[in-house]
Amino acid sequence: MARARAVKALYAVLVTWLLTAPAPAAPPAPAEAARADRADRAARADRGPSPRPAPSGPGGAEPALGAAPSPASVPTPALTPVPRAPGVRGLEIAVPAYVWADDPLLADLSATAPAPSVVVLNPGNGDAPFDARWQARADALRAGTTATGERTKVLGYVHTDHGRRDPAAVRASVDNYLKPSGNGDGRLHVDGIFFDVVSRDCGPGNATRDHYAALRRYVQDTMHAADPGAAELVVDNPGTAIADCYLEPGHRTADVFVTFEDTYAAYTSGGWRGGNVFDPLGGYRPGAELDPSGTAFWHLVHDVPDAAAMRTTLRTAFERGAGYAYATSAVMPNPWNAAPAWEYALQTGYAATLG
């Protein structure tokens, strides 16, 4: 994720065409059904508070993983992605997808072009078996090509209860993805782990920070034992600015940190605290000096009212130092188990023009 990436100006042409081209008079039935399904799922979402997201209930029949997307529903980029020039910052889309393996949302993400850079899978809050069905879904997502010409990275969800969950239980959840039972092929089907409900504080003597650093090393060691060439990705999600000790050289706890997770209203008003990192004496700051690659911070914004507000969200995320972002119209208690009101390609394509 920290490697050089490509200037995405060519994608501006594609996005402009997507936003301005007239809609076909009679879209094929599969595309219409997909839109109706997304709208129905969004309408069923509950709106009460929730301490943390949980996956949706099982969906209908498993979509065919190898089925080709409808040309009318999935615009194909006319230009081949070119790697971003060294030192050029950009913005990529990273999607938490807290649904079961047979949910149409994952089929939509697999068919999106350009593909999202990261997708988080969440089987039963990380503890339902990551079996052959999940592995096949992960492989389908990892076949996607992003706006930088890379493959989509898939992460497994693991909750940590602000560092209070038993470390042995956390490692068992990590093993669910990296050492899944019944995985006879011996391959990794994910690119890393997304640790959720992470503490943002260092703890006495940096003990909490060191706890998360040890979890990162466990992911690294386990992945490298399975595949010495694996480029692991570890994400910590405190949902707010993180103490700068978490990015201290030699003690860093993750590659990427979710430093905002809240509503569009909060993001565009007083909910933004003024930075991605903080320290007790100096307060909040962007943290760019701790993030030379421009990829360390990820902003998640829900209750986004429309596609214009989605574009505002992505521009704001880029301006605030995020390397990853995701905006959705879905709402609490679980804004991550329904697709946004707009096509995913509008978001991944627009993000490709920033930088």
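Which residue in β2 is the bridge partner of Ala-97? The views below, taken from a predicted model, begin with that pairing.

**View 1. Strand β2 is paired with β1 in the parallel sense.** The bridge partner of Ala-97 is Leu-121 in β2. Val-95 has Val-119 of β2 as its bridge partner.

**View 2. Strand β2 is also paired with β3 in the parallel sense.** Here too the pairing runs over 4 bridges, with β3 spanning residues 153-159. Val-118 stands opposite Lys-153 of β3.

**View 3. Both faces of β2 (residues 118-121) are covered.** Val-118 and Val-120 lie on one side, Val-119 and Leu-121 on the other, and all are buried. In soluble globular proteins, nonpolar side chains tend to be buried together.

**View 4. Helices α3 and α4 each take part in a right-handed β-α-β unit.** Helix α3 (residues 104-111) belongs to the unit with β1 and β2. Helix α4 (residues 132-142) belongs to the unit with β2 and β3.

**View 5. A barrel of 8 strands is closed by parallel pairing.** The strand order is β1-β2-β3-β4-β5-β7-β10-β11. From one strand to the next, the twist averages 25°. Helix α5 (residues 167-178) packs on the sheet and touches β2, β3 and β4, its direction making about 155° with that of β3. Helix α6 (residues 207-226) touches β4 and β5, and its direction makes about 160° with that of β4.

**View 6. The largest nonpolar core has 86 residues.** Phe-195 and Trp-298 touch the most other members of this core. Helix α8 (residues 307-319) gives the most to the core, with 5 residues.

Technical notes:
Residues numbered from 1 in each chain as written. Predicted model: local features only at pLDDT ≥ 70, side-chain atom pairs only at ≥ 80, totals over all residues. Heavy atoms only, no water. Buried < 20%, exposed > 50% of the residue type's maximum accessible area, 1.4 Å probe, protein only. Helix = DSSP H or I, 4+ residues; strand = E, 2+ residues; numbered from the N terminus. Pairing = 2+ DSSP bridges. Right-handed = clockwise from strand over helix to strand, strands pointing away. Core = buried A, V, L, I, M, F, W, Y, C linked by side-chain atoms within 4.5 Å. Axes fitted to C-alpha atoms, helices over the stretch in contact; angles between N-to-C directions. Contact = heavy atoms within 4.5 Å.
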